[in-house]
Amino acid sequence: MQIIHDVPQLQSVIAKLKSQGKSIGFVPTMGALHSGHISLINQAAENCDIVVCSIFVNPTQFDNKDDLTKYPRTLDTDAQLLVKNGTHILFAPGVDDIYPDGMDAGMKIDLNGLDKVMEGEFREGHFDGVVQVVHRLLDIVKPDELFMGQKDFQQFTIIQYMIDLLEMPIKLVVCPIMREDHGLAMSSRNVRLSPEMREKAAILYKTLKSAKRNLKKKPVSEIIEKSMKKLSKPPFKAEYFKIVNGHTLRDIKSIEESDYIVACLAVWAGDVRLIDNMILKTKK
Ligand code: AMP
């Protein structure tokens with residue numbers, strides 16, 4: 001595996017590979033890698049000739065300075081894990097490489113309200129930062145396929161919107177949520193949970209499963225109310241539990257309103273913020 005920090009160097013390596021007819025699969029991450037990330041790497045290796053993974057803790061998507069400071073950074077162990085899993089190139093840029101013209105420059109697009117709900121409501125400017133960094137990374141790497149996790153439902157929905165809007169020639173592949181044995185969705189932030197908290201956090205997955213079971217039996221408003229209650233018992237504090245149209249991310253009142261329905265949640269476990277989701281209804 002090649003570890004590259006420098007943008008021009010990466011671009012010339014990739015241009016050479018493309019001239020040899022190789023397809024490029026790209027997995028952007030913020031590091032502190034776990035099996036969820038590795039599932040994206042594996043999918044990229046299955047679909048493409050070359051797997052490029054980036055590790056960059058993007059300051060512009062953090063609305064909370066403390067969260068940015070406490071975000072785990074484990075580049076050496078991440079690199080070892082990537083080598084073991086067949087990654088060809090690790091791109092680990094610095095802030096100046098990604099934002100040569102400053103952190104206010106870069107792609108800004110109207111996201112048609114997709115960025116105003118759920119995560120966007122509670123983390124102001126978060127998706128402006130996500131669009132800015134993913135656009136810049138795609139511009140540098142120019143992959144054929146981009147791999148993202150369903151774990152960040154709103155994020156991949158927004159990136160698909162951006163790809164369509166800008167007519168970027170990139171296929172977005174969304175990979176399933178990897179969970180710990182008791183159901184907690186894997187996340188780099190989980191290392192900040194005590195073992196006891198980690199065990200108890202199974203309530204997030206249980207609540208999503210129960211919402212799915214009840215979708216045809218109970219009114220949406222009742223499911224939301226009960227879920228909020230379950231997720232607000234100490235040591236947890238629910239920020240939101242939403243049942244939305246998966247296409248528009250707008251709240252739905254009845255399950256007849258859409259062929260694609262998703263439950264999304266954000267919960268504080270002490271000072272750690274966890275998100276999760278589950279597709280409740282889909283045509284497929
Ligand atoms: P992050 O490093 O948290 O920015 O995540 C990088 C990519 O990994 C994103 O596309 C995430 O959606 C994806 N990802 C994070 N956690 C999981 C998980 N538990 N299962 C599958 N994909 C995940």
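The buried residues of helix H2 (residues 35-47) pack against strand S2 (24-29), strand S3 (50-55), helix H4 (75-84), strand S5 (145-149) and strand S6 (171-175); buried denotes under 20% relative accessible area, with exposed over 50% and partly exposed in between, for a 1.4 Å probe and protein chains only. A contact requires heavy atoms within 4.5 Å. Helices (H or I, at least four residues) and strands (E, at least two) are DSSP runs, numbered from the N terminus. The buried set in H2 consists of Gly36, His37, Ile38, Ser39, Leu40, Ile41 and Ala44. The 13 residues of H2 should span 18 Å at 1.5 Å a residue, and this agrees with its end C-alpha atoms, which are 18 Å apart; the expected span is 1.5 Å times one less than the number of residues.

The model is predicted, so that local features need pLDDT of at least 70 and side-chain atom pairs count only at pLDDT 80 or more, whereas totals for chains, interfaces and linings use all residues. Residues are numbered from 1 along each chain as its sequence is written, and side-chain values use heavy atoms, with hydrogens and water left out.

The strands named above belong to an open sheet of six strands, ordered S1-S4-S3-S2-S5-S6 with parallel pairing; two strands pair if DSSP finds at least two bridges between them. Strand S1 (2-4) and S6 each have a single partner strand and stand at the edges, so one side of each lacks a neighbour in the sheet. On average, neighbouring strands of this sheet are turned by 25° against each other, direction ignored. Within the sheet, S2 and S5 run parallel and are joined by two bridges; Gly25 has Glu145 of S5 as its bridge partner.

Helix H1 lies across S1, S2, S3 and strand S4 (89-91), at about 150° to S4. Axes are lines fitted to C-alpha atoms, for helices over the stretch in contact, and angles run from 0 to 180 degrees between N-to-C directions. H4 also packs on the sheet, where it touches S1, S3 and S4 and makes about 165° with the direction of S3.

The axes of H1 (residues 7-19) and helix H7 (residues 126-141) come within 9 Å and cross at roughly 50°. The two helices are therefore oblique to each other, given that angles under 35 degrees count as roughly parallel, over 145 as roughly antiparallel, 65 to 115 as roughly perpendicular and the rest as oblique. Val7, Leu10, Gln11 and Ile14 of H1 meet Arg136, Asp139, Ile140 and Val141 of H7.
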